[in-house]
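Please consult the sequence and the model as shown here.

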2 protein chains.
Amino acid sequence: MATIYDVARIAGVSAKTVSRVLNGDAPVGKATREAVEAAIAQLDYVPSSAARMMRSQRSGLIGLITGAISMSPEQNQPAGLPELFIVQGIQKSLANSGMTIMIADTSGVVEKAAPLIDTFLRHRVEGLIYVAEYHQKVSLPAISDGTPMVLANCFDDRGTPAILPDDRRGQHDLVERLITAGHRRIGYLTLRPEIAAGPLRRDGYRMALAEAGIAYDPALVENCEIEGREGETQLLWEAIDRMLRLAKPPSVFCCGNDKMALRVYGILRSMGRKVPVEVSVAGYDNYRVIAETLYPPLTTVDLPYTAMGVRAAQRLMAMISGETREDKGPTLVAGPVYWRESVTELRPANVSQLKSVKEE
Amino acid sequence: MATIYDVARIAGVSAKTVSRVLNGDAPVGKATREAVEAAIAQLDYVPSSAARMMRSQRSGLIGLITGAISMSPEQNQPAGLPELFIVQGIQKSLANSGMTIMIADTSGVVEKAAPLIDTFLRHRVEGLIYVAEYHQKVSLPAISDGTPMVLANCFDDRGTPAILPDDRRGQHDLVERLITAGHRRIGYLTLRPEIAAGPLRRDGYRMALAEAGIAYDPALVENCEIEGREGETQLLWEAIDRMLRLAKPPSVFCCGNDKMALRVYGILRSMGRKVPVEVSVAGYDNYRVIAETLYPPLTTVDLPYTAMGVRAAQRLMAMISGETREDKGPTLVAGPVYWRESVTELRPANVSQLKSVKEE
DNA sequence: CCGGCTTATGACACCGGTGTCATGTCATCG
DNA sequence: CGATGACATGACACCGGTGTCATAAGCCGG
């Protein structure tokens, strides 16, 4: 591999001059520059970032840790596709910062985070972002040196800067919109409460009901998610069946997420109920593969992953440039409701002035 | 940031001895080792990989380029979740090699690959893997220095080592299995032919029919995918409608991929046809979020992404260790048929001896 | 015509590790 | 008891860039 000295020799100049041509940090004569550029091309010279990094003490690297890319094969969950949008947002935001993003992957095993952080520190990254698969609490090893770190889609109890989805607000907005559309009996098939998003969204559901003066009916809310995912379809079937047999059955089912909504479509249709003519369905996540491909397309709430990624990157860059942020707390990012055909408007007159949120 | 000299001073030894403790490449006295380890802990010393890399001329880095992580926002396709399994396979395979994997992302823009490769070369990666979103032909800039490169899920016309899914074989196996299950009229809703997988899978479909002595009926094969994805549902609806009105309608629809199958479920049910009692459906990809969550679960063909990733990593490592591979051609990897409830067994007697492929 | 200033370039040390070689200390063996 | 070798450790150069400073050439106004 050619070095800067090889280039210098071929071009008949000093190594430092070649360095100047490469970095443009000092004026170089036209003839000299051309000679250097010719030599670089001739030798296929590629500068070594290691050597540069040593002297300049700046790596230009941002470390990104995620479990998105590969989940452990055992829990072959549908991997965190959505989470990728966070990474996308980070990349978009950092694209013009001159930073190179190094992504490492925990394979879904949290314990792998520590060695990965260590690897990053060896490479002297200037900042770290940890991206979680879903809204949750994490406890990562503390970074002993001062390398700044931001948590995305998760938080810890050390007050590390965090970027989180506003689940309460999202569910609230969806239910509010359903009420505007004329729905009064709103079934809610919830995620299991251990997940951070569960209680928050349930809060949002109750808030929206309360604001509209609708009494909360416990018979309309059931947890339909379990760890093993085996009996989940049956759990859903039974919950839906119970609710539909109520004296006042729900006119719409809010599902804990879009994946659950996908199941609910199949179950309702197997029960002989037409979606959305007889029963409406709404999801959460705006998991596009599902929400847009389902027939009919699914009304849901966007998890603003891209925006969260952008915010995470911005907050990290602010920390790197040494800005002392006053806001220590988590940054909440809300996502819009995507109104699609899976929910029937019971009182068209009421909602004529509303505009459905357009995609993009 | 503490250096090896700081550690050496605190421990009262030479820098080289600290180096020996860190790398274990030469015996060190017990008392000395403990003194050094204490100093390291005291200073929170983290060695600089840049300095190490310079001297040893080995980076221990593998560069991975993918568009999976972020697709360009305009073409908000369902991003390459499946492709992530390739990355997972690569990581799994490389986990114990002592190599650090650096992942970079093109955001779905092919032109970004060149600068990313350059960045990797600056970091002196010892090998490169390019992972494509779907089976396709690519043309990347040639690597001028000798850094080995492997293509995964794609190929070029320069004969760069490539790892590809065996689409022909996969579709063949699925159709063969359908025939074993008693199906004779097999509708095929195909992907658009520009996609590399399209013609290959169609080949497999015809091969399986031919082997079973079933005549190929063009009325049963229609392209149902278009670029814009807007009119796709209608396209599908019409094709299905046409086929179902035939004198001998199909008993099963093979879909170009699982996403299409998801649509087909909704369409068939909206037409009042029960799945799978009246019509069976099969997909391709084994896109788990869809295939396992659909009700009933979808019969499909696995795209062996994880295995492809493993093979890609192995082939790369072989190239790095300088093994002159005789096999220059692409490596084809076949995936199994996943037999689930979306296909009715028309002749149970026939297939009793067959075992459905178990997941994992 | 000369001091002062800008422009263009080079010499050289230095970043933080590791490879090489030399040195010192014992234990072992003939 | 001296030669031999294994073990433990240190001195020093070197990897490939860049920061600092010095130096030479060119230009300008007085």
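Helices (H or I, at least four residues) and strands (E, at least two) are DSSP runs, numbered from the N terminus. A residue is near a molecule or strand if one of its heavy atoms lies within 4 Å of it. The model is predicted: local features need pLDDT of at least 70, side-chain atom pairs count only at pLDDT 80 or more, and totals for chains, interfaces and linings use all residues. Residues are numbered from 1 along each chain as its sequence is written, chains are lettered from A and ligands numbered from 1 in the order of writing, and side-chain values use heavy atoms, with hydrogens and water left out.

**DNA strand C**

DNA strand C is surrounded by 26 residues, and the closest are A:T17, A:P27, A:T32, B:I4 and B:S19. Sugar or phosphate supplies 54% of the atoms of DNA strand C within 4 Å of the protein, and bases supply the rest. One polar contact (a pair of N or O atoms within 3.5 Å; within protein, one must be able to donate a hydrogen and the other to accept it, and residues adjacent in sequence count only if both atoms are side-chain atoms) places a polar backbone atom of B:A51 3.5 Å from a base nitrogen of DNA strand C. Two or more residues each come from α2 and α4 of chain A and from α1 (4-11), α2 and α4 of chain B to form the surface near DNA strand C. The largest contribution is that of α4(B), with 4 residues. By class, this surface holds 10 nonpolar residues (Ala, Val, Leu, Ile, Met, Phe, Trp, Tyr, Cys and Pro), 7 charged residues (Asp, Glu, Lys and Arg) and 9 polar residues (the others, Gly among them).

**DNA strand D**

Around DNA strand D there are 27 residues, the closest being A:S19, B:T17, B:P27, B:G29 and B:T32. Of the atoms of DNA strand D that come within 4 Å of the protein, 53% belong to sugar and phosphate. The surface near DNA strand D receives the most from α4(A), which gives 4 residues. Its classes number 10 nonpolar, 10 polar and 7 charged residues.

| Residue | DNA atom | Distance |
|---|---|---|
| B:N23 | phosphate oxygen, DNA strand C | 3.0 Å |
| B:Y45 | sugar or linking oxygen, DNA strand C | 2.8 Å |
| A:K16 | base nitrogen, DNA strand D | 2.9 Å |
| A:S19 | phosphate oxygen, DNA strand D | 2.5 Å |
| A:N23 | phosphate oxygen, DNA strand D | 3.0 Å |

The elements that give two or more residues to the surface near DNA strand D are α1 (4-11), α2 (15-23) and α4 (49-56) of chain A, along with α2 (15-23) and α4 (49-56) of chain B.
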